[in-house]
Every structure is written in structure tokens, then in C-alpha cells.
Amino acid sequence: MKHRTSRSYLALLLIAGICGLFLMLMAAHPSTVLDAATRGLSIWWDVLFPSLLPFFIISEALLGFGIVHFIGMLLDPVMRPMFRIPGIGGFVVAMGYASGYPVGAKLTTQLRTQNLITREEGERLVAFTTSSDPIFLIGAVAVSFFGDARLALTLALAHYGSGLVVGIIMRFYAPHAPLTPLDEPSPADGSGKVQKASIFRRAFRAMHEARKQDGRPLGTLLKEAIDSSLKLMIVVGGLVVFFSVVMDLLAVIGVMQFWEHLFQLLLKTFHLSPNLAPAFTGGLFEVTLGAKSAGAAVTAGTHAQVVAAAWVLSWAGLSVHAQIASIMNQSDLRYMPFLLARLIHSVGAAVAAYWLYPFLMRLEPQLPAWLPFLGDSAAWMSPWETAWSSTRVGLVLAALFFILMCLLSFFIETVRLNRK
């Protein structure tokens, strides 16, 4: 007991010492702090706020209306055997992949606080639904930072494909933990036989029951959705500004240069260009800075640049980690499984990009015309245009994912009922 108390005191003293050090650095370099805070606030207001707020509000409303429960019942035959997650997690997968971090963590935390999933299921779910949104991957990274929209396909396949592989790997996490019980369909008549269409009736019934249990009028539901979404956006903005200031202060005292030197030595060990060190150093803390540095390291070669960008996008940066941790702290979800998944995801995406790039670039694929960022000028859009593009593309991708998963779920359910 004394041992634990002494360790807690030491941890408290360490945190206090670090905070005191940063306060002195802020007092010694006020102009650096002001510039970094202004830059972080600009990123939040121009990029994150208009892109994420619509998804936060929409997801809150869908939960209140019971549509998430409808989707969960339909996707259960796919999600449970593949990821060991109830079907309701399929909604989180679709929205998380379509809208980017930290939407997946927010939705997972909501499901956990409502006891719709267990703690271990929530940790599995948030581990592989934390990803970049397509708007940032295509518009900012491929078009703006690299100047080549064709690279978006390589980055997307490496990033999202390795994320799904992480989800399959995480199904073996906590193998003995209990799962959320599955509501078995009740017979439609007294014969004891279950009709083939019962999954759709169960889905509508689940949506109806969830809406009745929620009970909030439409006005109240939207008001509370906007209120909670704005509060979360303020937390996200504060963390973005904080990490922007911390990174600049670390650069002032030479810590960032030290990390960059370490990455140069590590890259030389793997026979990679040391010019990629700024990308890994910046990406360790902040995803935008790391991806931009990867695009600027032209002397390293496009192949190596794409590998570095894939690592940065999948690691997501400590700034995003802090956002996810702050959201998960609203429930009993733990951070360490998420950290392990980020390590696996980042390495897997880098390896996938390494093998995919030569093959896909030989094919010279063209992106579909409905994707927004196909011209250089499209990468610099106003916040409202960014919000519209993010919402439009994100909802289209989420709908496509939902349709494909429903078709697969219907096929599995039909086979299962026929066997009975």
C-alpha cells in the first residue's frame, strides 16, 4: 500500500514539474506560444469544426431516433462473427471511416455509456474505427501535400484496409470476456418456425423500442445533440491548440531536433532516406504536420514518401490520441488496447503502402469523378465548402458501406435459417 502511495506521489511530482517547466518556457517565449496557439486555433476552426460538427450532430440524432438500433440488428450476422462486436458496431464503423477521428471514439463511448456494448467490445471497436476521413486523405494529403490525386488510392487501400485487418486481429483481444447477448428472433406464429424475413421485423422492432425508451421530443433531441457536440468540439479544439503550443516549445529547446536525429538513425538502420525523419517526428505528435512533411521530402522518393504518409495517417499523432483518451474517459474504456491497435495499424499501413504503390501506380488509376478534391484549387476550400464536401462524401460512403454489409448480412441470415 505504501509502495503505491509513494508511486502516486512521484507521478504527481513529475506531472507538476513538467507543467512548471512548460509555464516557464511559455513565459520565456511568449511570441512562440502566440503563433502556435493561433495556428492551432486556425486548424480547428477552418478544418475540424466544419468537418466534424455535422457528423457529431447527425450521429446523436440517429441514436435518439433508434436508427442505430435498426442498423445494429441488420448487421449483427456480419459484425459478431467477424469482429466479435454486436451489429450496432457496424454503424460506428461506417461513420468512423467516413468522417474520421475522433467520431468513432465518440460513438463507441456513447454505446458503452448506454450499456449497449461491453467494455471489451467497446475497446475492440474504438481500436479500428479511428481513421482519417476521405476528405483529408484525398484533398489535403494526396492533392495538396503530394500534388498527385492518383496516390489517394494507394493511401486509402493501405490505411482503411489495414484498419479492417486490425479489427479482425482485435477480435482475439480478451477472448474470454462475455459478449453482449444476442436477441434471438421469436416465432412469428405458434408453429415454432422463424420466418426468413424475421431479421427485418426484429430490426424495426428494435428501432421502435429504442425510440420509445428515449422518449425525447424532436426539438429536445436536436437541442441536446447540438449541445453535446459543441462541448466535444471545444475539447477537441483545446487539445489541438495545446499540442500545437507544446510542439513549438519542444522545438525551441531542441527536443524535436533530438527526436528527428533519433529517427534519422532508425531510418538508416532500415536503409530508408533520413530525409523522412521530419515526417515521422512531426507525425508522432500531429498528423497534419507529419503528412505535410512527408509530401515535402521529395529527395526521399515518392515511394518512400507514400510509406511515411501511410504510417502518419494510421498512427494519427499524439494530439488525436489525447482527443480519443479524453472521450474514452467518459466511460470505463481503457487507452492501452487503443495504443496497441495504433501501433499495429501504423506498421501494417506502411507495409501495405510499400507493396501496393508500385502495382497501383503502374495501373495509373483514375479516381471517381464524384470525389471532390480532383483539382489543385479544390484543396483550398472555405470552411463551409469543406463542411458540405465532408458531410456529402462521408454520408455517401457510410451509405455504401451499410448497403454492402446489409446484403452480406441478409445472405448469412438466409443461409442460417435454411439450415435450420
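Author: Start with the record. The unreviewed UniProt entry lists residues 52-75, 87-105, 125-146, 153-174, 232-259, 338-357 and 393-412 as "transmembrane region". UniProt positions follow the numbering used here, feature names are shortened, and annotations may be inferred rather than shown by experiment. This is a predicted model: local features need pLDDT of at least 70, side-chain atom pairs pLDDT 80 or more, while totals for chains, interfaces and linings use all residues. Residues count from 1 along each chain as its sequence is written, and side-chain values use heavy atoms, without hydrogens and water.

Reader: How much of residues 232-259 is helix?

Author: Helices are DSSP runs of H or I, at least four residues; strands are E runs, at least two; both are numbered from the N terminus. Residues 232-259 are 93% helix and 0% strand, with end C-alpha atoms 31 Å apart. For residues 153-174 the values are 82%, 0% and 34 Å.

Reader: Which residues of α13 are buried?

Author: Buried means under 20% relative accessible area (1.4 Å probe, protein chains only). In α13, residues 287-296, these are V287, G290, A291, S293, A294 and G295. An α-helix has 3.6 residues a turn, so residues three or four places apart point the same way. Their cover includes α7, α12, α14 and α15.

Reader: What does F146 contact?

Author: Contact means heavy atoms within 4.5 Å. Beyond four places in sequence, F146 contacts V141, L151, A291, A294, G295, Q305, V306 and A309.

Note on methods
Buried < 20%, exposed > 50% of the residue type's maximum accessible area, 1.4 Å probe, protein only.
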